[in-house]
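Let's take a walk through this model together, starting with a strand and ending with some charged pairs.

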Amino acid sequence: MSDDELAKDLGLVSAMTIGIGTMIGAGIFVLPGVAARAAGPVVVASFVIGGIIAMVNALSVSELGTAMPKAGGGYYFVNRGLGPLFGSIAGLGDWMGLAFASAFYSIGFGQYLTTLAPMPDVLFLTDIQVGALIAGAVFVAVNYIGAKETGGVQTVIVTILLSILGLFAIQGFLSFDYGVLTGDGGLTPMGYGAILPGTGLVFVSFLGYAKIATVAEELKNPGRNLPRAIIGSVAIVTVLYAILVSIMLGIVPWPELSEDAPLTQATEVAFSGGLATVAVAVVTVGALLATASSANASILASARINFAMGRDKLVSNWLNEIHPQFATPYRSIILTGGMILVFIALLGQDLEILAKAASVLHLVVYALMNAALIVFREADVADYDPDFEVPLYPFTPIAGIVCSLGLLPFIGAQEVALSAVFVVGAVVWYFIYGRRHTPGEGALSRYVRKREGAMPDSVVGAAETVAPNEADSASTGPTVMVALSNPATASPLVTLASAVASAKGGRLLATHIVTVPDQTALSAASEQREETSEDSRRLFDQARTDAEPFEIPVETRTILSHQGVTEVFDAATEHDVDTVVMGYGGTRRLGGRVEGAFEELTDRVPCDVLVLNEHEFDPSSVLVPTAGGYSSDLSAEVALALQDAVGATISVLYVDEDRDAGEAFIADWAAEHGLADVELLVERGDVETAIEAAAADRGLVVIGASEEGLVSRVARGSLALSVLEDLDTSVVLAERPHDRTLRERLFG
Amino acid sequence: MGLLDHVVVPVATEADSRATLRALEPYLDDITRITAVHVIEKGGGTIDKAPVGKRQADGEELLATFEAEVGREMPVDTRIDFGTDVVDTIVEAAIDAGGTAIAFRPRGESKIIRLLSGNTADGLVSEPKLPVIALPDPAQE
């Protein structure tokens with residue numbers, strides 16, 4: 001098995017227990033009493049409608065999750081689909097939604113805890129809040145330390161819960177009295193109008209399934225297991241809710257059902273005599289387990305959202321550092337945990353606010369997710385290839401948006417306003433922090449910008465206004481990236497890159513590639529890091545000076561690299577670079593490190609790559625040896641760029657035994673590539689000797705890679721090119737990728 | 001075959017890696033080959049305590065610095081292994097890599113930390129399947 005497969009250890013049952021375990025904590029143990037008082041017996045319909053809304057969204061989550069089984073779930077989908085502005089809203093919304101939900105679960109835990117052990121009131125806190133704060137603190141501590149919990153525990157807990165509920169259902173069914181269910185006012189004492197507000201209240205009972213998508217990265221065979229687990233767990237809990245809530249309301253009249261510990265009360269009535277005490281104790285333990293596992297899963301899920309946002313640089317990666325001893329994302333957990341405790345203390349007197357705020361934020365994320373799904377489908381993103389597709393597209397995602405947003409008015413103005421504060425906060429955060437840091441643009445804005453002509457100006461303008469700063473400059477022309485590591489050899493690289501950028505009317509992205517130096521003791525490596533920024537600054541100053549004559553925009557970036565040339569290529573893709581210029585010596589030094597076990601270096605280059613052998617060079621006379629074919633288009637372009645930018649004279653060399661045929665070929669080739677005013681040379685004999693002779697009195701040789709993967713192999717050290725090493729003249733090796741796929745252009 | 005022919009070294013954190021390297025230094029001449037192992041603890045069916053993508057990225061970085069440091073002296077293999085039990089996984093990785101011994105630097109955790117996070121050192125030496133070498137801290141002589 002590969003490393004990747006071993007990293008995935010959640011099977012179908014595990015994934016379903018995560019979903020079910022998270023959901024039933026709320027729906028069965030906490031909410032029935034509150035919800036029944038709000039809607040009467042028809043609250044069962046509220047649960048069913050909540051289940052249907054959840055199911056519509058579950059279908060969309062399944063499609064997105066199988067297309068992108070990554071940590072972060074809803075946030076990740078929205079960020080990829082709608083871009084980082086909506087990504088920030090979804091990320092913060094999901095995160096805060098989970099914090100509210102965890103606070104709600106903790107209150108639920110506190111409610112049952114106080115039936116076991118009386119808690120004191122402290123200051124403005126009720127006994128339940130005190131219990132919830134203790135519970136919340138324990139959940140956070142457990143996750144900070146990273147208690148040893150294995151899959152068995154999770155499965156056992158859910159199995160116990162389902163058994164307890166099964167026993168309750170059987171005994172409850174025997175005590176069930178339809179007369180109690182209908183009571184005095186019939187099934188709809190508050191009218192049918194109470195059904196949807198009831199759904200708004202209980203929707204928090206359905207939030208668990210999205211957690212499965214949040215940990216999709218850890219799922220075995222996500223294409224098959226993710227949709228089954230998500231759809232399956234929603235279906236199962238919806239049926240469970242409908243049956244168990246009906247039974248509860250057939251045992252205890254709805255106006256009397258406890259708001260704090262409804263299942264305990266129903267159990268007390270259903271079981272008679274001495275058995276009742278035992279049954280109540282069992283149910284209470286079940287309630288504690290259920291609410292604890294819900295809170296736990298939510299805290300773990302929120303760390304995934306932080307991680308995914310950190311990966312996209314929408315929050316600082318500082319937040320995601322792993323504790324050296326406990327191997328947990330402790331800062332993320334402390335921050336989330338702190339918010340949970342604040343929510344419990346400030347809002348915990350009213351269970352409903354926490355439940356509803358969690359629902360509102362999740363519903364907003366669901367609506368965005370459905371919109372992202374539509375964008376992925378419509379923008380025809382090439383690598384969007386979900387194993388599971390929603391039925392009845394586009395009806396299903398549109399229904400998801402309508403249902404999710406449509407439920408908001410029934411939830412309550414107070415909670416919607418509270419959530420709006422977080423949405424606005426996310427937008428502000430994006431504009432003051434995220435926009436300066438995040439590199440990624442969504443499929444939506446790429447789609448809009450690519451069709452600039454066909455779209456109304458206001459739409460294109462809006463897409464550009466909210467796009468990350470990084471992407472802004474993409475509209476000003478192609479980007480040429482130069483990878484620098486050694487200040488001594490930086491100048492020729494910058495000159496070459498600037499010339500190409502200036503000829504194309506593009507900009508220069510100067511990058512400082514910092515590796516952990518081989519010659520430095522590890523203990524010194526961390527101190528070295530602090531000097532790095534100083535090094536970078538000096539290198540960039542030099543690069544700006546070298547680039548100055550070309551009058552092109554220059555941007556700079558430091559890239560910390562431990563893996564070598566792959567990270568240079570990754571950076572090139574990330575910044576949507578058209579041409580990378582790097583040095584031969586530096587490339588090979590980087591490359592020496594690449595053979596690590598985890599490296600999966602493909603031979604393909606992500607964009608045009610120029611490798612220069614780092615001699616000082618005189619670009620005023622350029623030799624282009626050609627045999628036509630692969631990458632020779634690029635060498636011609638580079639020569640033209642130098643002609644354009646520094647007035648270089650170009651000589652084209654072709655080696656052929658037949659002089660006439662050679663002259664015919666070379667004249668054609670030069671004309672085809674727009675090379676006018678060039679000297680055409682045809683030589684006989686050995687190719688390398690001919691190049692060497694012709695190069696002797698010229699400043700620079702530009703060679704197109706003769707086959708795909710040449711640059712990568714040079715970088716990996718598996719190929720040494722004598723022409724790059726032996727010639728006294730400077731040499732540029734140019735390689736162009738065969739065809740850039742749409743995927744690369746969209747996602748980079 | 002000598003005991004130090006192919007030494008398997010578990011590496012947990014940056015600090016651990018530095019301490020291990022310091023402790024290994026006096027013996028480098030006797031060692032022919034090193035395999036550095038970074039183990040990522042898995043839930044085995046429950047949500048992991050940390051995002052696995054983060055753990056992998058950190059592990060790769062850690063092993064790259066380790067390799068850069070020792071790679072000049074001798075051949076170094078690096079590997080990331082996943083398992084629900086850190087000790088078992090280290091041992092399995094060592095056997096799989098064909099190591100002759102496992103060498104590690106005890107991290108000197110306090111009792112309370114051992115209790116909370118489990119102690120790898122105890123586990124490694126209590127039921128060895130390969131020779132296990134606990135490296136002394138050269139600074140403490």
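Which residues of β4(A) are buried on one side, and which on the other? Keep in mind that you are looking at a predicted model. On one side of β4(A) sit T579(A), V581(A) and G583(A), on the other V580(A) and M582(A), and all of them are buried. Five of the five residues of β4(A), residues 579-583, are buried, so the strand is largely enclosed by the rest of the structure.

The neighbours of β4(A) are worth a look too. Strand β1(A), residues 479-484, pairs with β4(A) in the parallel sense over four bridges, and A483(A) has M582(A) as its bridge partner in β4(A). Strand β5(A), residues 608-612, also runs parallel to β4(A), joined to it by five bridges. Here V580(A) has V609(A) as its bridge partner.

Now to the helices. Helix α5(A), residues 74-82, has eight of its nine residues buried, so it is largely enclosed by the rest of the structure. Among the buried ones are Y75(A), Y76(A) and F77(A). Just after α5(A), G83(A) takes a positive phi of about 95 degrees.

Helix α18(A) covers residues 413-437, 25 residues in total, and spans 34 Å from first C-alpha to last, close to the expected 36 Å.

Finally, the charged pairs. Side chains of opposite charge can pair when their charged atoms come close. The whole structure holds 17 salt bridges over all chains, and three of them are tabulated here.

| Salt bridge | N to O distance |
|---|---|
| E259(A) and R37(A) | 3.5 Å |
| R304(A) and E218(A) | 2.7 Å |
| K356(A) and E352(A) | 3.4 Å |

R304(A) lies in helix α14(A) and E218(A) in the loop between α11 and α12 of chain A, so this pair ties together parts that are 86 residues apart in sequence. R304(A) is buried at 1% relative accessibility, and E218(A) is buried at 1% as well. In the E259(A) pair, E259(A) is partly exposed at 34% and R37(A) is partly exposed at 33%.

K356(A) and E352(A) both belong to helix α16(A), four residues apart, about one turn of the helix. K356(A) counts as buried at 12%, whereas E352(A) is partly exposed at 25%. Elsewhere, a network of salt bridges links E63(A), R377(A) and E389(A).

How values were computed. Residues are numbered from 1 along each chain as its sequence is written. Chains are lettered from A and ligands numbered from 1 in the order in which they are written. This is a predicted model: local features need pLDDT of at least 70, side-chain atom pairs count only at pLDDT 80 or more; totals for chains, interfaces and linings use all residues. Side-chain values use heavy atoms; hydrogens and water are left out. Buried means under 20% relative accessible area, exposed over 50%, partly exposed in between (1.4 Å probe, protein chains only). Helices (H or I, at least four residues) and strands (E, at least two) are DSSP runs, numbered from the N terminus. Two strands pair if DSSP finds at least two bridges between them. The expected span of a helix is 1.5 Å times one less than its number of residues. A salt bridge is a side-chain nitrogen of Lys or Arg within 4 Å of a carboxyl oxygen of Asp or Glu.
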